Amino acid sequence: MKVSAVITLKKEVLDPQGKVIHQTLDGMGFKGVNEVRQGKYFEIDVNENDPKKAQKIVEDMCNKLLANLVIENYKIIEIQ
Amino acid sequence: MKSAVITFPGSNCDRDMHIALNKFGFKNKIVWHNDNELPKSDLVVLPGGFSYGDYLRCGSMASKSAIMQSVINFAKSGGLVMGICNGFQILVESGLVPGVLLRNKYLEFICKNVFVKIDNKDNPYFKNLDKEIFEFHIAHNEGNYFCTNDQLKEIEDNNQVAIYYCNKNGKTEEKFNPNGSVKNIAGIFNKEKNVLGMMPHPERMIDQSLSGEDGSLFFKNLINNIK
C-alpha cells in the first residue's frame, strides 16, 4: 500500500522559510495571506495489504526517523 | 590518552579534529561510520561536516549509523563524547543531548569567528580553564538551538548549558546571537556532563597563523583533565 505522510513544524516553532515565502507571496500581490508554514511530504510504498497495518508501520517510521517530535508533528493523510 | 573521531559520509572536519587531537597529545584513530565497534578510547568526537548531505534533517541519518549504537553505549557508561557542529546535530538527533538545531533565524549560512562564554566549569571539558570567554569559529546553516519550555527548564535547573554566544566582554545579549538560538545557547551538556555538543569549532583555533589559539587552550586543558 502507498501511505502518504505530512510532517509540519509545531506551532510554537519559528518557520523562517514559511515567513520568507509569505513575504514573497505578499510582494507578488497575493494579499490576505495570514500565515505560511512549510512542511515535508512523504509517499511510502510498503509491502503490506492491510491499511491499518500499513499505517502503523509508517507511523513507527515517523516516530523513529521521519519526524523529530521535539519540533515536528506528523499526519498520515492517505492510504491507498 | 586515546581518542576516536568518527567519519560519516559527508564529514569534512574529521581530519582537522584528528590533527588537533594529535597535536595536543591524544593518540587519535579515525573510525568509519559503518564499523560496529569503537576502539578503546578516552574521548569520542563526532566531527563537523554535512553527513549524508544533511538529508531529511541535519544529523538524522548519521544518528542511525552502525557505529552510533556503540557511541551511545559508550556515552551511557560515562565515556566522554563531544559533538562539534554537525556532530552536535548528530548528538541531538540521537537523543544524547536534549533539544534540536533549526535553520538559522535569518536563513543564511554563517561563517565567522564568535565569542562564547563558558557557563559551567564543573565538568571534564572546562574544569581548570583559567578564563571564561573564548573566541571560536562557527560555520553552519542549522545552528539555531531550540528546545521546548519544559526542556529549557530542565536544562537550566541541571546547569546543562555549556556555552553561550556573547561579545568579547562576555555579554550574552540577543544582538550577539548569530543564529537565533534560544537564550544564546551555543553548546549543551547531557545531564551527567560527559556528553558535550556545541556549534563552534575549537579545532579551527589551534594555530596563530590560522585565526587564533583559543582552541589550543581548550584541547590542552581537556587532555590534562582526562589524564
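Q: Before we start, what counts as a salt bridge here?
A: A salt bridge is a side-chain nitrogen of Lys or Arg within 4 Å of a carboxyl oxygen of Asp or Glu. This is a predicted model, where local features need pLDDT of at least 70, side-chain atom pairs count only at pLDDT 80 or more, and totals for chains, interfaces and linings use all residues. Side-chain values use heavy atoms, without hydrogens or water.

Q: Thanks! How many salt bridges are there between chain A and chain B?
A: The count is one salt bridge. The side chains of B:Arg57 and A:Glu72 meet in a salt bridge, 3.6 Å from N to O.

Q: And how much area do the two chains bury?
A: Chain A and chain B bury about 1300 Å² between them, as accessible area (1.4 Å probe) lost on being put together, summed over both. Carbon and sulfur atoms carry 69% of it.

Q: Which three residues of chain A supply more of that than any other three?
A: They are A:Leu65, A:Asn68 and A:Val70, with 38% of the area that chain A buries against chain B.

Q: How many residues make the contact?
A: Chain A gives 16 residues and chain B gives 14, with contact meaning heavy atoms within 4.5 Å.

Q: New topic: is A:Lys56 buried or exposed?
A: A:Lys56 counts as exposed because its relative accessibility is 60%; the scale is buried under 20%, exposed over 50% and partly exposed in between (1.4 Å probe, protein chains only).

Q: How far is A:Lys56 from A:Asp15?
A: Their C-alpha atoms are separated by 28 Å, and the two residues are 41 apart along the chain.

Definitions and conventions:
Residues numbered from 1 in each chain as written. Chains lettered and ligands numbered in written order.
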